[in-house]
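Here is a short report on a few local features. It covers a loop residue, a helix and a strand pair.

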Amino acid sequence: MKVTNVARSGGAAGMSRREWLYTAGTGSLLALTPGRALAAAQTAALAPTATATATRDTVLLSMCVSDNMRTLPLRDGRVKPDGINLAVSTIHPSEMFWRQLRFAEFDISEMSWSSLLIAVSQGDKRWVGLPVFTSRGFPHTGILVRSDRGIETPADLKGKKIGVPEYQQTSALWSRGILQHEFGVTPLDIEWYMERTEELSHGGATGFQPPAGLKFHRIEPPENIGTMLLDGKIDGSLLYLTDVNLVDRSRVDLRNRPEIRALFRDPVAEGARYYKKTGFYPANHCVVFKRDVLEKYPWAALNVYKAFIAAKDLAHQPGREIASTYFDLDLLPRAERRVLDVDPFPYGVQSNRAMLEALIQYSFEQGLTRRKLTLEEVFYPGTLEL
């Protein structure tokens, strides 16, 4: 990746701050909140490359991320943030969030967006968020139901017993918010059965208590969502995880079981419908930085942010090149070639503001956060304009 230099005195004429940061190889960016070491220090946002050489003494920071294509270039060293050597761990998100919320083991990590909102609303100031969202999907299209309970539409979930791995997890928060705002089914309309124990749940670290008025039960070991679905003790589940490292329970395979099916018979069509209506491709994780680390190295925030962007671009480039071939061969309509310019995984606050504010609203509506937060309370000030 070629680095284009921009004079430290300012960006190119006519460029917005966001455009400058995305295109500049170097630049001086002043944090937005005066009077605080974290936000007032001058930040060098140097574009990372696969062959980047540090221009200052590097610092060693620990980082934990999940196993996906957008983190791989950081994990294998093809992309490195300027001035930083990363000691990278790759862990299943369930374990990662549990370890971070309880023990704050890593300087940088992915974090459950829902759990971060809860922690911030409770005054937990250990973390500063970066608007990096490496994991997205349509959680509500993964809802499972028993085929013998007369559940044909989301509205039929009212009055039913529904399992959830963890009530406060982001995918569950998204699904409940979508059920309420798209289909008129509120959390109070459902009887909930939560799988994770207090000791192994993220809620155990944030003091989770079921919101007032909620019909809520805990699944007692050795039962789990899978066994209760097959035994007919619950009617469905928002999500069924089969690769959870922290929960030592036998996981039954629900695939190709006639008594279990997806609520949405065409999940892809439902995801596309929701995206076209709302513009949301729901994000599950963001990235957090230890606040005390940023107070010591305030320049590191945007250097790491830029590295995540470079890693994503590097990971997505082969797919764009392959897709381009189909257009070149006229196997796909050339008039649609512009879709290759669409980034389905945009990072930054501005590109995701409506989606992020929707989830903040859902968290407050559902009683998980004590008050409705602002994005300024969650994210590093230097990223709010990006």
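## A loop residue and its surroundings

Asn-284 sits in the loop between helix 9 and strand 13; helices (H or I, at least four residues) and strands (E, at least two) are DSSP runs, numbered from the N terminus. The model is predicted: local features need pLDDT of at least 70, side-chain atom pairs count only at pLDDT 80 or more, and totals for chains, interfaces and linings use all residues. Residues are numbered from 1 along each chain as its sequence is written, and side-chain values use heavy atoms, with hydrogens and water left out.

Asn-284 is buried, at a relative accessible area of 16%. Buried means under 20% relative accessible area, exposed over 50%, partly exposed in between (1.4 Å probe, protein chains only). Leaving aside neighbours within four places in sequence, its contacts include Met-111, Trp-113, Thr-170, Ser-171 and Trp-174. Contact means heavy atoms within 4.5 Å.

Thr-170, Ser-171 and Trp-174 are also among the buried residues of helix 6. That helix is largely enclosed by the rest of the structure, because 10 of its 14 residues are buried.

Just after helix 6, Gly-184 takes a positive phi of about 75 degrees.

Strand 13 (residues 285–290) pairs with strand 6 in the antiparallel sense, over four bridges. Pairing requires at least two DSSP bridges. Leu-130 has Val-287 of strand 13 as its bridge partner.
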